[in-house]
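Student: Hi! Could you walk me through this protein?
Tutor: Happy to, let's look at it together.
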Amino acid sequence: MQRHPWIIAAALSIASAPALAAPTVEAIARNCVVCHGPKEAGQVEIPKIANYPARKMVEMLTGFRDGQKEATIMNRISKAFTDEQIQALAAHFAGQ
Ligand code: HEC
């Protein structure tokens, strides 16, 4: 996978930032795994996002947010995030 400077920058800022940045992305990410974690019987199929390519995650989340990609729920969830938070989430899940 091609590495983009902003992915590395986001990863570094998560790793080195004191108090605020790290718990924020981790706290957001905990909500994601509620749905994207192991699938339970009878549940709608939800794609796995652990080890998800960062560039694709940015593309998917901004696409959902900006209405370019169809979604049942991710469109609403993605609206909550800034570009920076989406990049931080992408770096977070790509590193799992
Ligand atoms: C309420 C359950 C729920 C939560 C919470 C949730 N997702 Fe999703 N996610 C879905 C569903 C369902 C889809 C399939 C698209 C749709 O219908 O919205 C999806 C699709 C995706 C996709 C596209 C996967 C693909 O390859 O098609 C990505 C990326 C994603 N979610 C990331 C996240 C991230 C990051 C978070 C946390 C900020 C998150 N999701 C939180 C339910 C959820």
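Tutor: One term before we start: helices here are DSSP runs of at least four residues, numbered from the N terminus. Also keep in mind that this is a predicted model.
Student: What about its phi?
Tutor: Phi of Asn 51 is near 60 degrees, which is a positive value in a residue other than glycine. For background, most residues other than glycine have a negative phi.
Student: What span should helix 5 have, and how far apart are its ends?
Tutor: Helix 5 covers residues 83-94, and at 1.5 Å a residue its 12 residues should span 16 Å. The C-alpha atoms at its ends are 16 Å apart, so the two values agree.
Student: Which helix is Gln 87 in?
Tutor: Gln 87 lies in helix 5. Gln 87 is buried because 25 other C-beta atoms are within 10 Å, and 20 or more is the cut-off for buried.
Student: How far is Gln 87 from Leu 61?
Tutor: In sequence, Gln 87 and Leu 61 are 26 residues apart, while in space they are 9.5 Å apart, C-alpha to C-alpha.
Student: And how much of the whole protein is buried?
Tutor: Of the 96 residues in the protein, 21% are buried.
Student: Let's switch to the ligand. Which residues come nearest?
Tutor: There are 19 residues around the ligand, and the nearest are Cys 32, Cys 35, Ala 71, Thr 72 and Met 74. Helix 2 (21-36), helix 3 (54-65) and helix 4 (74-78) are the elements that each give two or more residues to that shell.
Student: Which helix gives the most?
Tutor: Helix 2 does, with 6 residues.
Student: Last one: how many residues in the shell are nonpolar, polar or charged?
Tutor: The shell around the ligand has 16 nonpolar residues, 3 polar ones and no charged ones.

Technical notes: Residues numbered from 1 in each chain as written. Predicted model: local features only at pLDDT ≥ 70, side-chain atom pairs only at ≥ 80, totals over all residues. Expected span 1.5 Å × (residues − 1). Near = placed C-beta within 6 Å. Nonpolar A, V, L, I, M, F, W, Y, C, P; charged D, E, K, R; others polar. Buried ≥ 20, exposed ≤ 12 C-beta atoms within 10 Å, placed from the backbone.
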